[in-house]
Amino acid sequence: MVMLREGMCPGLHEDLVRDLRGAGVKTVEDLVSSDIEELAQKCSVSYKALFAIRRVLLAQHTAFPVSGADLYEELLSSTAILSTGNPSLDKLLDSGLYTGEITELSGGPGSGKSQVCFGVAVRISHHLKQSVIYIDTTGGLTASRLLQMLQAETSNAEEQMEALQRIHIFRLFDVYSVLDCLHSLCSGGLQRASVGGGSVKAVILDSVSAVISPLLGGKQNEGMSLMIQVAGVLKTMAKDFNIAALVTNHVTRGGSGEVQPGLGVTWAHIPRTRVLLERVENAVSLHGHSSLRSATLIKSSRQACHIKEQFDLQWWSRSPDRSSGKRKLEETQLESSA
Amino acid sequence: MTESGAQLFSRLEARHNVKDIEPRLFPKDGGPEDGEMVELYGTEGTGKTELLYHLLCRCVLPKEAGGLEVDVVFVDTDYGLDMLRLVSILDSRLNTAQSGSSSSAGSDETVLRSCLSRLLVIHCSSSAQLLLTLHFLENSLSSRPALALLLIDSISAFYWVDRCEGGGSIAKQEERLSKCAELLGRLLRDYRLSVCATCHAIRRSNDGQASSDSDRSYLCRAWQRLVTHRLLLSREATSMKQGSKEQRSQQVFTVLCSSSSSSSSSKIKSYRSSLFCVTDGGVEFI
């Protein structure tokens, strides 16, 4: 909705704006969809002048059509596939996270959603030397875990610090501040974040359900509207800035007891790719807590759905010195799943 | 509004007919006539977008490859258009056509480019923008005589935002979509354009309960009146093919088409149900 103001386009001066308002035409939409001939008489302005104003306003505010051939050309040059660092997950995702899309990880508590997010963040910041925006809405992010993952990658302390500096963390606990943050990222924040080094390649929102699910239920319109707004700004950001968006979601049980991602049917349309993470039940490790997880592809436009892969959360922190690294990992896992 | 002679001519000149866009989908002799609206309705993962790609490909492919060779506008309100997927479908269609008739018509790449240049993509991020864009399209239609089909994915994208912004009154909540519907009605009538739009179901369908509440349209009445063909999509229970292990279970989708006949004398509804599955090369009817 854009209000009519003087000076928006040539010919739209103060008096005319007032006259239009008097005739009930307040926004650009109103002007465009009203009968110009009638309106010209009401506001005692020439039909030609008003028609010209309509044309200019329309050209200013419409979404511009792009030829499919040009779009394809642009896509070929700009799309990147970001590896998650884990071969099984990459296989499931058809070689990684695609820029310009929203990918969703869903799963119950302790299914490894956040761990995968950490792994992706570390992978992008260390291997690709690009920046990552990490929006943490649950307070589950610990810098020490990120460092631990980096230590498994490199023993060079300087490199570790550089990589950590490329991960920009926002801790936001309600949907309004998340929306605020996303909007400010779109209007300049992303460029500022990429000043220090590589450009921002991924935005991780862990978790999206933590801020949205409290809104659903009561006043339905408002909650749904906010959900769609979060989805909208994520989608436009992903497309316009060529960023891979990774979100996490909780799970619920459907009517017949099957596990399904949360946030309902309206949200189901939003992510392009959805992956369901689950614990592998029968696998028992030496320490009693297994880090084996299974990932199932439940929505994709590239691969057949319901492919299942198993992966080990320890993949991201496999260190040359296994004995000490492993124990540490077990502890952090317990923390993160609690 | 005034109209020049050239504009009048190009408006009234016969546009390409998309009646036989997909005979397997619509009731016998009941494909979408000029100026008719098709709605694809279903929950997530019922093949709406895939079916839309199928129709799109059929339109932009050259005649030699079994297409209609007409221009298409794709209004993407979901930001969901997967160009790479679309190209892979086009590619496989072109390849099968080429292997059938051994005569090669130019290199693959140029044919593909010419297909894609028949497609115009518009991204819309709000219902106000959608409305303005439709107005803009109305103005530019007369300069594009080859344009025959308008695709909207999806018309329900801004439903909740509009509901919230409209406040208490239903009329205010539905104002934008009603205006869009009114305008689309004008495009259908004046320019003899055909429109296909997807609509997300907002309630989970209960299995086994045919024609339940979840299938009813929830969009404004102005929109409902426009729709002549309604395609209800649903997912069949996964049928495991036993025997060979390599043959993965294939997801089968069902489409139920209900068309209200366009002849104004009698309001007859005709139905047709068809099955399809989605492969690497796009939609395949069974």
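A residue is called buried when its relative accessible area is under 20%. Keep that cut-off in mind as you explore this predicted model.

**Stop 1: Tyr79 in chain B**

Select Tyr79(B). Is Tyr79(B) buried or exposed? Its relative accessible area is 13%, so Tyr79(B) is buried. You will find Tyr79(B) in the loop between β2 (71–76) and α3 (83–100) of chain B. Now look at the backbone here: the phi of Tyr79(B) is near 55°, a positive value in a residue other than glycine.

**Stop 2: Leu263 in chain A**

Jump to chain A and select Leu263(A). What is the phi of Leu263(A)? It is positive, about 75°, although Leu263(A) is not a glycine. Leu263(A) sits in the loop between β10 (259–261) and α13 (264–268) of chain A. With 10% relative accessibility, Leu263(A) counts as buried.

**Stop 3: two cis peptide bonds**

Stay in chain A and show the backbone of Asp206(A) and Ser207(A). The bond that joins these two residues is a cis peptide bond, with omega of about 0°. Ser207(A) belongs to the loop between β7 (200–206) and α11 (208–212) of chain A.

Next, go to chain B and select Asp153(B) and Ser154(B). The peptide bond from Asp153(B) to Ser154(B) is cis too, and its omega is near 0°. Ser154(B) lies in the loop between β4 (147–153) and α6 (159–165) of chain B.

**Stop 4: helix α7 of chain A**

Return to chain A and colour residues 113–126, which form helix α7. How far does this helix of 14 residues reach from its first C-alpha to its last? The span is 20 Å, close to the 20 Å expected at 1.5 Å a residue. Of the 14 residues of α7(A), 13 are buried, so the helix is largely enclosed by the rest of the structure.

Pick Ile124(A), which is in this helix. At 0% relative accessibility, Ile124(A) counts as buried. Where is Leu82(A) compared with Ile124(A)? The two are 42 residues apart along the chain, yet their C-alpha atoms are separated by 7.4 Å. Beyond its neighbours within four places in sequence, Ile124(A) touches Leu82(A), Lys129(A), Gln130(A), Ser131(A), Val132(A), Lys201(A) and Ala202(A).

**Stop 5: Ser131 in chain A**

Ser131(A) is in strand β5 (residues 131–136) of chain A, and at 1% relative accessibility it counts as buried. Leaving aside neighbours within four places in sequence, the contacts of Ser131(A) include Ile124(A), Arg166(A), His168(A), Ala193(A) and Val200(A).

**Stop 6: Thr273 in chain A**

Select Thr273(A), in strand β11 (residues 273–279) of chain A. Its relative accessibility is 4%, so Thr273(A) counts as buried. Setting aside neighbours within four places in sequence, Thr273(A) is in contact with residues including Leu93(A), Ile102(A), Leu297(A) and Arg302(A).

**Stop 7: chain B as a whole**

Zoom out and show chain B, which has 9 helices and 9 strands. How much of chain B is buried? Buried residues make up 55% of its 286 residues. Among contacts in chain B with a separation of 6 or more, 72% come from residues 24 or more positions apart.

For one example residue, select Ser194(B) in strand β5 (residues 194–200) of chain B. Ser194(B) is buried, with a relative accessible area of 1%. Apart from neighbours within four places in sequence, Ser194(B) meets residues including Val18(B), Pro32(B), Ala148(B) and Leu188(B).

**Stop 8: a pair of helices in chain B**

Finish by colouring helix α5 (residues 127–140) and helix α8 (residues 175–191) of chain B. Two packed helices are described by the angle between their axes and the distance between the axes. Here the angle is about 15° and the axes are 10 Å apart. That makes α5(B) roughly parallel to α8(B). The crossing of α5(B) and α8(B) is left-handed.

Show the side chains where the helices meet. In α5(B), look for residues including Leu130(B), Leu134(B) and Glu138(B); in α8(B), look for residues including Lys179(B), Leu183(B) and Tyr191(B). The residues of this contact between α5(B) and α8(B) divide into 9 nonpolar, 2 polar and 4 charged.

Conventions
Residues are numbered from 1 along each chain as its sequence is written. Chains are lettered from A and ligands numbered from 1 in the order in which they are written. This is a predicted model: local features need pLDDT of at least 70, side-chain atom pairs count only at pLDDT 80 or more; totals for chains, interfaces and linings use all residues. Side-chain values use heavy atoms; hydrogens and water are left out. Axes are lines fitted to C-alpha atoms, for helices over the stretch in contact, and angles run from 0 to 180 degrees between N-to-C directions. Helices (H or I, at least four residues) and strands (E, at least two) are DSSP runs, numbered from the N terminus. Angles under 35 degrees count as roughly parallel, over 145 as roughly antiparallel, 65 to 115 as roughly perpendicular and the rest as oblique. A crossing is left-handed if the near helix is turned anticlockwise from the far one by less than a right angle, and right-handed if clockwise. Contact means heavy atoms within 4.5 Å. Ala, Val, Leu, Ile, Met, Phe, Trp, Tyr, Cys and Pro count as nonpolar, Asp, Glu, Lys and Arg as charged, and the others, Gly among them, as polar. The expected span of a helix is 1.5 Å times one less than its number of residues. Buried means under 20% relative accessible area, exposed over 50%, partly exposed in between (1.4 Å probe, protein chains only).
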